[in-house]
Amino acid sequence: GDKRERVSNDGEQDITNALLKVTREGKKTVCLLEGEGERSGEETGDRGFSGAKAQLTKSLYDVKNVFLMREKTIPTDCTVLVVGGPDKDLLPETTGAIRDFVKNGGKALVMVEAELKEHYPNLVALLKEWNIEAGSDVVVDVSGMGQLFGFSELAPLAIEYPWHPITKDFRLPTLYGGARSVQAGKVTAEGVSAQDLVKTSAQSWAESDLTLKDPIKFEDGKDHMGPISLAAVATVKGPAPAPTPVPSPAPSPAPEEPKAKEGRVVAIGDADFATNSLLGFQGNQDFFLNVVAWLAEDADLISIRPKEPENQALFLSRQAQQNVAWIALVLLPGLFVVLGVVTWWRRR
C-alpha cells in the first residue's frame, strides 16, 4: 500500500522492526498500572522497569501509565495492562475495573509478590476468579543453581516450561527474586481455561513460614515440595454477543455468527524478574517479551531474540585491587625469579 519505511541499519532488529511497521495494522499500547506502588517504567534503579519499557518500545509497542484511582476505567487504547508487583493491595474499584477489562476481551499481565511485608487479598481473590491460585508462601530453591550466579536460595531458578505458545521451544533458565507460588486452580470455572506456565526444579519447595527464620528448613506437612509453579496463564471467554438478525429470505452463504471476546491473563508470582536488576539474566527478557506478545496476540513476536553485545565493566573493591596488584607485580614475577635461581643452581 502507501506505507514506506527506510532502514538505515542492517541489524536484524532494525530490519525486523521495519517489516513490522509496514505490515502491522495500527499501533498497540502496553499500559503500566500505577497508584499502589507498582514498578515504574521511568525508574532507572534496580527496582525499576525502565529496561523492560525500552525493550517494549523496541518491539514497537507504545508504553504509557494508567492511574486507575483517577481514571476509574482502563482506557480503550490499552492492548495489554501490566500490574507490576504493587506494594499495597489493589482497591476494590481497581480490581473491578481489571475484571471488567478482561471480561470484555482485555489482556492483563499480573505480577503479585510474596506476602513477606504486605497482604494482597483483593488481588489474590481476583486471580482466583480466573482459576489461578497465588499461594501464601515464598519459594525456596536449594538446588545451588541460583547461588552459582551470586543469588540466595530465595531466588528460585526455573528450567521447566509446560507447553504453551509463550514457551514454545523456550529452553533458557529464568531467575526470580522472592517469588511466591502461582498455579492453575484444581477446580473448573465456567468459560475459564488455566494452566501452569513456569516451574522450578525438584530441589525447591514452597515455604509456608513467611517469617523466614534462619535456618530455613523444609517441614513436611507444612511446606510443599517442588517442582513449584511460579506462573500460570488463563483464557477467559466473555459473554456471547447477540446474534445478528438475518433478513428473510436468508442470504447464501449465511453470515458467520459473531464470536465471544476472549480475555487473556498471565499471572506471575514475582515482579523482580522483569526489573532492571534481573531483566538481563539468561531468558528473563525473552520470557517477559513473549508474555506480552502472546497477550497482545502478536504471535510473530514470540521468539528467542539474539543477545546484543554489551559493554561490561568490572568494578573491584580496594582490597580486591590490592590483591590483584600483589599477585601481578610481586607473586608472579617473584615466582619466575625463584624458578630461575633454582634452575641456575641445579646447572652449577
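Colleague: Why are Cys 31 and Cys 78 called a disulfide?
Modeller: Their sulfur atoms are 1.9 Å apart. A disulfide is a pair of cysteine sulfur atoms within 2.5 Å, so Cys 31 and Cys 78 qualify. By this rule the count comes to one disulfide.

Colleague: What kind of model is this?
Modeller: This is a predicted model, where local features need pLDDT of at least 70, side-chain atom pairs count only at pLDDT 80 or more, and totals for chains, interfaces and linings use all residues. Residues are numbered from 1 along each chain as its sequence is written, and side-chain values use heavy atoms, with hydrogens and water left out.

Colleague: What makes the disulfide of Cys 31 and Cys 78 left-handed?
Modeller: The torsion about its S-S bond is about -90°, so the disulfide is left-handed.

Colleague: Which parts does the pair of Cys 31 and Cys 78 tie together?
Modeller: Cys 31 lies in strand β1 (residues 28-34). Cys 78 sits in the loop between α3 (68-71) and β3 (80-84). The pair therefore ties together parts that are 47 residues apart in sequence. Helices (H or I, at least four residues) and strands (E, at least two) are DSSP runs, numbered from the N terminus.

Colleague: How do you know whether Cys 31 is buried or exposed?
Modeller: Buried means under 20% relative accessible area, exposed over 50%, and partly exposed in between (1.4 Å probe, protein chains only). Cys 31 has 0%, so it counts as buried. Cys 78 has 6%, so it is buried too.

Colleague: Why is Thr 275 called buried?
Modeller: Its relative accessibility is 0%, so Thr 275 counts as buried. Thr 275 is found in the loop between β14 (262-268) and α7 (284-295).

Colleague: Which residues is Thr 275 in contact with, leaving aside its neighbours within four places in sequence?
Modeller: They are Arg 39, Asp 46, Arg 47, Gly 48 and Phe 49. Contact means heavy atoms within 4.5 Å.

Colleague: What does the side chain of Thr 275 reach at 2.6 Å?
Modeller: The backbone oxygen of Asp 272. The backbone oxygen of Asp 46 lies 3.4 Å from a polar atom of the Thr 275 side chain. A polar contact is a pair of N or O atoms within 3.5 Å; within protein, one must be able to donate a hydrogen and the other to accept it, and residues adjacent in sequence count only if both atoms are side-chain atoms.

Colleague: How do you know that Lys 88 and Glu 118 meet in a salt bridge?
Modeller: A salt bridge is a side-chain nitrogen of Lys or Arg within 4 Å of a carboxyl oxygen of Asp or Glu. For Lys 88 and Glu 118, the N to O distance is 2.9 Å. The pair links distant parts of the chain, 30 residues apart. Lys 88 is in the loop between β3 and α4 (92-103). Glu 118 is in the loop between β4 (107-111) and α5 (121-129).

Colleague: What makes Lys 88 partly exposed?
Modeller: Its relative accessible area is 46%, so Lys 88 is partly exposed. Glu 118, at 28%, also counts as partly exposed.

Colleague: Why is the pair of Arg 99 and Glu 129 called a salt bridge?
Modeller: Their side chains meet at 2.7 Å, N to O. Arg 99 is in helix α4 and Glu 129 in helix α5.

Colleague: How many salt bridges does a search of the whole structure find?
Modeller: The search finds 15.
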